[in-house]
Amino acid sequence: HTRHTRHTHDTQQRTHASANTHPDTQPHTNTPTHAQPTHQSMAAAGSEFGAEWPEWLETKVVVLDFDRTITLKHTRGAVFHTAGLDDASFLANFSDLDFFKTIIPKIAKHAKVAIATYADHEEESLLSGVPMIRRYLDLALGEEASKQIVPDDHIEAWNPDNRKLEMAVVGKNKHLDELRARIAPKAKRVQFVLFDDTERNIVLAAKKGYAVQYCEPATKAEADAKEKPKNVGFCLKAWQEFLAKEQERANQPGCSLS
């Protein structure tokens, strides 16, 4: 499918999912805005972001998918070859390394940062699961900051198939539920936001009342190209779309969660 087709399909699903209006159970989705700022203008905005956390933003936990959200390409949750263990390989596989390095410490001043991924432990791999994710985080944020901002208990890394659960049925909902119970049990579901590149996970989480933001993944051709693609995965564009929808919700009468 083309990128336009995936957006259209995703928008239709999430529009259909928005009938319930209860503040904790309403499928709270964030579809792309019509305005498409240039990468240059978004990069400029990214460098300026973070002086203040928007006062109306009531998000308590920002949950990021890993493969094709934080990363550009699928990692499959493991590294099996020594060539894939060098720092350059990890750093080159971020969707937007500069944005990630800038935004995550700023988010962490106001909300918790967590990761929900299917990257499970692979016994025969050289590096997999949480240790592999930690390697990415350490390289991007620094070893000390990495563990402070995203401690291991903020990482939910397991494959539903390995727990006899149907991925198509549970999506990331079990991951989100376990994170919520462990790191923010008093927070409402709508105060958790999942950034994910898989439409199924977005729809299922929204139906359960979690806030969601779709991250357009790079196509294989884009990911394999010499020039790194722009506006894919967890990037400024996705963050701006999330903020725009949160501000719209915050401006609606009776929607305050405080």
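# Questions on a predicted model

Author: In this predicted model, the charged end of K172 lies over the ring of Y118, at 4.9 Å from the ring centre.

Reader: What makes K172 count as sitting over the ring of Y118?

Author: The limit for the distance from the charge to the ring centre is 6 Å, with a further limit of 35 degrees from the ring normal. The 4.9 Å of K172 is within 6 Å, and its charged end is listed as over the ring of Y118. R163 is placed in a like manner over the ring of W158, with its charged end 3.8 Å from the centre.

Reader: How confident is the predictor in the protein on average, in pLDDT?

Author: The average pLDDT is 82, and 75% of the residues reach at least 70. Residues 1-28 stay under 50, and the model gives them 60 contacts beyond four places in sequence. Residues 31-51 also stay under 50, with 31 such contacts. Where pLDDT is low, the predicted coordinates should not be read in detail.

Reader: What is the order of the strands in the open sheet?

Author: The sheet has five strands in the order β5-β3-β1-β6-β7, and their pairing is parallel.

Reader: Why are β5 and β7 called edge strands?

Author: Each of β5 and β7 (211-214) pairs on one side only. Between neighbouring strands of this sheet the average turn is 20°, direction ignored.

Reader: How do you know that β1 and β3 pair?

Author: Pairing needs at least two bridges, and β1 and β3 have four, in the parallel sense. Within this pairing V63 is opposite A114 in β3. On β3 there is also a parallel pairing with β5 (residues 155-157), over three bridges, where T117 faces A157 in β5. β1 is joined to β6 (residues 192-196) by four bridges, and these strands run parallel. There V62 has V193 in β6 as its bridge partner.

Reader: Which helices lie across strands of the sheet?

Author: Helix α8 (residues 173-183) lies across β1, β3, β5 and β6, at about 150° to β3. Helix α11 lies across β1, β6 and β7, at about 145° to β7.

Reader: Why is strand β3 called largely enclosed?

Author: Strand β3 covers residues 112-117, and five of its six residues are buried, so the rest of the structure largely encloses it.

Reader: What makes helix α9 largely enclosed?

Author: Seven of the nine residues of α9 (residues 199-207) are buried, so the helix is largely enclosed by the rest of the structure. The buried ones are E199, N201, I202, V203, L204, A205 and A206. After α9 comes G209, with a positive phi near 105°.

Reader: How many aromatic pairs does the structure hold?

Author: There are 11 aromatic pairs.

Reader: Why is the pair of F94 and F100 called tilted?

Author: The ring centres of F94 and F100 are 5.3 Å apart and the planes stand at 50°. Stacked needs under 30 degrees and edge-to-face over 60; the 50° falls between these limits, so the pair is tilted. Both F94 and F100 are buried.

Reader: What makes the pair of F94 and Y136 edge-to-face?

Author: The planes of F94 and Y136 stand at 65°, with the centres 5.6 Å apart; the angle is over 60, so the pair is edge-to-face. F94 is in the loop between α3 (87-92) and α4 (97-107), and Y136 is in helix α5 (residues 129-141), so the pair ties together parts 42 residues apart in sequence.

Reader: Are F94 and Y136 buried or exposed?

Author: Buried means under 20% relative accessible area. F94 has 1%, so it is buried. Y136 has 5% relative accessibility, so Y136 is buried.

Reader: Which residues do ring pairs link into a cluster?

Author: The cluster consists of W53, F99, F195, F234, W239 and F242.

Reader: Why is N231 called partly exposed?

Author: Its relative accessibility is 22%, which is between 20% and 50%, so N231 counts as partly exposed. N231 lies in the loop between α10 (220-224) and α11 (236-250).

Reader: What is the phi of N231?

Author: Phi of N231 is near 65°, a positive value in a residue other than glycine. R68, in the loop between β1 (61-64) and β2 (78-79), likewise has a positive phi, near 65°.

Notes:
Residues numbered from 1 in each chain as written. Predicted model: local features only at pLDDT ≥ 70, side-chain atom pairs only at ≥ 80, totals over all residues. Heavy atoms only, no water. Buried < 20%, exposed > 50% of the residue type's maximum accessible area, 1.4 Å probe, protein only. pLDDT = per-residue confidence, 0-100. Contact = heavy atoms within 4.5 Å. Phe/Tyr/Trp six-rings, centres within 6.5 Å; stacked < 30°, edge-to-face > 60°. Axes fitted to C-alpha atoms, helices over the stretch in contact; angles between N-to-C directions.
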